[in-house]
Amino acid sequence: MSWTRNPGRVVGFWYLLLVLGGPLRLIYIPNKLFVHDNAAATASNIAAHEWLFRFGMLSDLFGAVVLIFLVKDVDQQLAVLLVIVGGVMPALINFVNVVSDAGALIVARSGSGSGGGGGADFLSVFDKPQRDALVLLFLRLHHAQIVAAEILWGLWLFPMGALAYKSRFLPRFIGVWLIINGVAYIILSLTGLFFPDYQDKVFAYSQPALFGELAVMLWLVFKGANPPVVQQSG
């Protein structure tokens, strides 16, 4: 079956791109470069692995563009609310996150002696511990924006799950799973806001729920989803 004749596979393809690009900045880079509560080590790692950090910024920009195209392919069925909550607003947060990372990189390079004009001489008024603290501040702002975005990630899955459940495009259990996935994102966001010390633990426990998006992505990529044919009378 042609991909162009199966809109579900087109949506699945956009989902796949999102899944492939997202973990770089969300998971890999924090685990490799960030040292918990150690601003000096974190700033040093960012300066030493500048291109890896830049690719993380690129993955955020890429994810923002994919979000817009992802909802573009389904907006005829999920209406304006889905486009705003699932595409435009999370994409804007991704763009802002890139600015936060750019700030962290500028400050980290200012104390590393890196050439190429990427540092900022005006930051020399701050001593090294102060610059390291600024790097950590920018990274914390990035994380806070992700916590805020998780609300939107959750709300986007409610109409998506309802569509999957009510339609004949996908198995109903995937629709239920997507709604549960949305609830999990909202719980994660609220945990990060009110009980940040427990966020990692809640994230670990919520993994089965968070696989809902992966399930729908794999189903759409391999099985696709065609709208039912409407029989015209007369």
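Is W153 buried or exposed? Select W153 to begin: its relative accessibility is 19%, so W153 counts as buried (buried means under 20% relative accessible area, exposed over 50%, partly exposed in between, with a 1.4 Å probe and protein chains only).

A quick word on the model: it is predicted, so local features need pLDDT of at least 70 and side-chain atom pairs count only at pLDDT 80 or more, while totals for chains, interfaces and linings use all residues. Residues are numbered from 1 along each chain as its sequence is written, and side-chain values use heavy atoms, with hydrogens and water left out.

The whole structure holds 1 aromatic pair, and W153 and Y185 form it edge-to-face, 5.4 Å centre to centre with 75 degrees between the planes (ring centres of Phe, Tyr and Trp, the last by its six-membered ring, lie within 6.5 Å; planes under 30 degrees apart are stacked, over 60 edge-to-face, the rest tilted). W153 sits in helix α5 and Y185 in helix α6, so the pair ties together parts 32 residues apart in sequence.

Now show both helices, residues 128-166 for α5 and 172-194 for α6: their axes come within 7 Å and cross at roughly 165 degrees. The two are therefore roughly antiparallel (angles over 145 degrees count as such).

Last stop: S206, in the loop between α7 (199-205) and α8 (207-210) (helices are DSSP runs of H or I, at least four residues). Leaving aside residues up to four places away in sequence, S206 touches A184 and L188, with contact meaning heavy atoms within 4.5 Å.

Conventions:
Axes fitted to C-alpha atoms, helices over the stretch in contact; angles between N-to-C directions. Parallel < 35°, antiparallel > 145°, perpendicular 65-115°, else oblique.
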